[in-house]
Amino acid sequence: MELPPFELERWLDKYESDADLMLAESGVRSLPADRFDLDVDELGYVIPTDGTPEFRTEIAERYDRDTEEVVLTCGTQEADFLTFMSLLSEGDHTVVVSPTYQSLVSVPESVGEVSEVRTEPPEWDLSVDAVAEAMQPETRLVVLTNPSNPTGKYLGPETMQALYDLVDENDAHLLVDEVYRMLAGDPHTPAAALGPRAISTAGVSKSYGLAGARLGWVVADTEIANAVRKWKDYTTISPPIVGNNIARQALGEQENDILKANRTHTKANRKRVAEFLERYDLDWFEPTGVNGFPTIPGGFENGKEFCRSVFEAESVVLAPGDVFGYPNRFRIGFGLHTEELEEGLERIARHIEDNC
Ligand SMILES: Cc1ncc(COP(=O)(O)O)c(C=O)c1O
């Protein structure tokens, strides 16, 4: 198994630590630790190591699934990784809807074959027929993020049902990374509630602003969930106990306050970005979540050149569309504090005016 460098993470790692402003972060601004009770008594493993039954039941109920169908993980990234490892073997084929977060392509590609079904602007609609055409007798999995990172496209219940029916007819599975789902004003039914062939992964990093809690989960039928448990013994063994404690409060008594504040915050910031893009005649699809994927301004060869020059001139980090396979775009994250977003947009505006 050979994995390529994770281009987005390498880009952020290179520029983030020296930059004044980070407009490439894909989650909502982080919540302060002191709004949670952090006392976990002893710093041991979470027992049982796939998460306590009470917390897994609370999560299972959100998906209309059973407790044993939920495994808590160290972030959504691990949830996705363990699901791929559990389902795929050499020679298996996966269909991935793009653009997407790189691990959702690179991991299945490192095990078997991948066909990408590209969605396109302005609407980034997914053609279920195109997914059907990409399927092969060896296809075990269809994968997407919903809402999408980086486009912010949120596919509706009809498309998701059609995808479910397609995988069901083909004895395959549907893996939907839903880490941005709770930022939607009115989230649709999650994928895992569609039936046993759908798998949802999610966590508290993005919608809740709790990336440092490193708490995610997989919801899948018992056979797959058991395979995930088996793999997890070889990766992180247990979810982090402090993060587990924080996530339980965030999904419990604090959930309404957190989500209400995060949705209001992202809505207001999205409006600011929309006004900025309109001023400079840049196109985007108005996204659900906290990431948008606009076109780059004229005068720049590609996203990398634009983003590198913004960093060098104005110390602002953006993510180039090149790392998602769409070089004439860039990803902007607008979940950060509003004053920082405004300062970042002002600096980008100055750079565009100086260069175009
Ligand atoms: C679609 C998607 N899945 C997973 C992750 C990683 O999430 P976590 O911090 O929960 O591991 C990201 C991070 O950007 C993401 O965009």
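Reader: Is the crossing of helix 1 and helix 10 left-handed or right-handed?

Author: The crossing of helix 1 and helix 10 is right-handed, a term used if the near helix is turned clockwise from the far one by less than a right angle, and left-handed if anticlockwise. This is a predicted model, in which local features need pLDDT of at least 70, side-chain atom pairs count only at pLDDT 80 or more, and totals for chains, interfaces and linings use all residues. Residues are numbered from 1 along each chain as its sequence is written, and side-chain values use heavy atoms, without hydrogens and water.

Reader: Why are helix 1 and helix 10 called roughly parallel?

Author: Helix 1 (residues 7-16) and helix 10 (residues 303-314) pack at an angle of about 20 degrees, with their axes 12 Å apart. Angles under 35 degrees count as roughly parallel; helix 1 and helix 10 are therefore roughly parallel to each other.

Reader: Which residues of helix 1 and helix 10 meet?

Author: Glu 7, Trp 11 and Tyr 15 of helix 1 meet Lys 304, Cys 307, Arg 308 and Phe 311 of helix 10, where contact means heavy atoms within 4.5 Å. By class, this contact has 4 nonpolar, no polar and 3 charged residues.

Reader: What volume does the largest cavity have, and which residues lie nearest its centre?

Author: The volume of the largest cavity is about 110 Å³, the space filled by probe spheres set on the grid points. A cavity is a set of points on a 1 Å grid where a 1.4 Å probe fits but cannot get out. Val 97, Thr 119, Thr 145, Ser 148 and Lys 153 lie nearest the centre of the largest cavity.

Technical notes:
Axes are lines fitted to C-alpha atoms, for helices over the stretch in contact, and angles run from 0 to 180 degrees between N-to-C directions. Helices (H or I, at least four residues) and strands (E, at least two) are DSSP runs, numbered from the N terminus. Angles under 35 degrees count as roughly parallel, over 145 as roughly antiparallel, 65 to 115 as roughly perpendicular and the rest as oblique. Ala, Val, Leu, Ile, Met, Phe, Trp, Tyr, Cys and Pro count as nonpolar, Asp, Glu, Lys and Arg as charged, and the others, Gly among them, as polar. On a 1 Å grid over the protein atoms alone, a cavity is a set of points where a 1.4 Å probe fits but cannot get out, and a pocket is an open set with protein on both sides within 12 Å along at least five of seven lines; lining residues have an atom within 4 Å of a point.
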